[in-house]
Amino acid sequence: MDFTLKTGDLAKLKTPCLVLGVFEKHKLSPPAEQIDKASGGRLSALLKKGDLNGEAGRTLLLYELPGVNAERVLLVGCGKKKDYNRSAYRKALAAAISLVNQLGAGEALCALAEPLPARLDRYHALRDAALTAADRVYRYDLTKDDKQAPKHPLKRLALWVERKGEVELGERAIAHAQAMAAGTDLAKTLANLPGNICTPNYLAEQALELGQRYKTLEVDILDEARMSELGMGALLSVARGSRQPPRLIVMHYRGGKADDKPLVLVGKGLTFDAGGISLKPAAEMDEMKYDMCGGASVFGAMRALCELGLKLNVIGVVPASENLPDGAANKPGDIVTSLSGQTIEILNTDAEGRLILCDALTYCERFEPESVIDLATLTGACVVALGKHPAGLFTQDEALAHEILAAGETSGDRAWRMPLWDDYQNQLDSNFADMANIGGRDGGAITAACFLARFTKHYRWAHLDIAGIAWNSGKEKGATGRPVILLTQLILERAGALKNV
Ligand code: BES
Ligand code: MN
Ligand code: ZN
């Protein structure tokens, strides 16, 4: 989708569809007031009749308003004026975009960022509009004939700003949104693909393709033989239960100086998690194709970064494997030796994410990272603890914690901090190995993070458990592309691209 910026007299601007906000009790937003005046009070007359009262998410479509150049005017309810915050703004945007997308107008002009929602600046309000639009318009159609797809989907969205002085800021918001949306789309599509197509090797090929497309990206794929030479006994043990060979995907983005220490993003790329010998129950097992969403987010963030061409060094690392119950699969009680040399007793083969991640995390030491952030659909326990709104953040590094939480708040792709105290470490004690791969029922998301902490002693590190946020279940089943936006926000900030916004 394309985004542009428009300024000037709203009534004079030509567009197939102009989107305006209305608050409860028939209060018009300032842009709606402009149109009301230009049309000789048509909007206020209509609202008086009671056709739309401003309730959040309700819409009313009008044609051929006198004195207005737009072919259609779409009024969107924004709720109570005093409660107009980011979440109400996004709800109104989503309702409007979904309708315009079905309409067949192809193009629209959106004036919902005036007035600004509470505590939101102009830059983020405009960027949110573009991102919400891209999110609503996204469709997965790689493996089906998408009959319900709109014939003329929304292809171009213009965002209206009142003052010429805001155009430069708006252009920046649009450029950043475009990159974030491209990254999010990629993450969604990789994640939505089924496990029989999106295999570890498929992911590796996608990485190579990204490397072809962006000259700034250098891709290195480690195969089974190389991993075995290195001694990645934990990662390889998971892959042994499957006929698909594992891959360790490494993507280097070198935008900074040669000696700038890199930020390293590590994403769990478990392309299907049946649980292994500790087999999962059948219900909703299909959703375990999403167990590679951490990896998909790394792909997405790398793509956004390449689009933006920022001046810093970032490395994306994706350990990719399946977890299936084969004759050669891990068995409960098996002991493997990780790349770090530490031995692990596998008490539950379904706690496989930490096994592939621990070797990838040890591998990262060679990059002498500035910091490492890993992303993983790691535990059901995290979903129990936090639900489906924030990612779970685990780190002992205060500065990194605040940086990630702040990037989450400002981008609206939020994380919430959980404890990562050593008090929990003894839950991982094993009589037969340096550690067990599970820590019992209590604090399951925390003991999983504690396990990873044992492999990240040599650099600053944070872990995001994204099991609750990476996809939606039920009728709207599909990947969300989160937290590509959080990661891109953090990268934009590190690159100094958000000064004076
Ligand atoms: N991929 C799952 C975690 C998961 C479960 C994500 C449900 C989203 C929804 C992970 O590999 C797993 O199976 N974890 C186990 C760990 C347990 C065996 C200690 C879990 O959460 O049940
Ligand atoms: Mn599992
Ligand atoms: Zn898993």
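Strand β9, spanning residues 247–254, is mostly covered, with seven of its eight residues buried. The model described here is a predicted one.

Two pairings of β9 can be traced. Strand β8 (residues 217–222) runs antiparallel to β9 and is joined to it by six bridges. Within this pairing, D220 stands opposite V250 of β9. Strand β12 (residues 313–323) also pairs with β9 in the antiparallel sense, here over eight bridges. I249 has V318 of β12 as its bridge partner. As a general point, strands of a sheet pair through backbone hydrogen bonds, in either a parallel or an antiparallel arrangement.

## Domain division and interface

The protein is divided into domain 1, covering 2–161, and domain 2, covering 181–494. Between the C-alpha centres of domain 1 and domain 2 the separation is 38 Å. Contact between the two involves 14 residues of domain 1 and 17 residues of domain 2.

Domain 1 and domain 2 bury about 1,100 Å² between them, and carbon and sulfur atoms give 52% of this area. On the side of domain 1, L131, Y138 and Y140 supply 40% of the area buried against domain 2, more than any other three residues.

## Polar interactions across the interface

One salt bridge is counted between domain 1 and domain 2. A salt bridge is formed by the side chains of D135 and K188, with an N to O distance of 2.7 Å. Eight residue pairs are in polar contact across the interface of domain 1 and domain 2, both residues of each pair being at pLDDT 80 or more.

Helices α3 (86–103) and α4 (122–137) each supply at least two residues of the side of domain 1 that touches domain 2. Of the elements on that side of domain 1, α4 gives the most, with eight residues.

## The open sheet β13-β14-β18

A further sheet is open and consists of three strands in the order β13-β14-β18, with mixed pairing. Strands β13 (334–337) and β18 (435–436) stand at the edges and each has a single partner strand, so one side of each is left without a neighbour in the sheet.

Strand β14 (residues 343–346) pairs with β18 in the parallel sense, over two bridges. The bridge partner of I344 in β18 is M435.

Definitions and conventions
Residues numbered from 1 in each chain as written. Chains lettered and ligands numbered in written order. Predicted model: local features only at pLDDT ≥ 70, side-chain atom pairs only at ≥ 80, totals over all residues. Heavy atoms only, no water. Buried < 20%, exposed > 50% of the residue type's maximum accessible area, 1.4 Å probe, protein only. Helix = DSSP H or I, 4+ residues; strand = E, 2+ residues; numbered from the N terminus. Pairing = 2+ DSSP bridges. Domains from an automatic or database assignment. Contact = heavy atoms within 4.5 Å. Buried area = accessible area lost by both parts, 1.4 Å probe. Salt bridge = Lys/Arg side-chain N within 4 Å of Asp/Glu carboxyl O. Polar contact = N/O pair within 3.5 Å; in protein donor to acceptor, adjacent residues only side chain to side chain.
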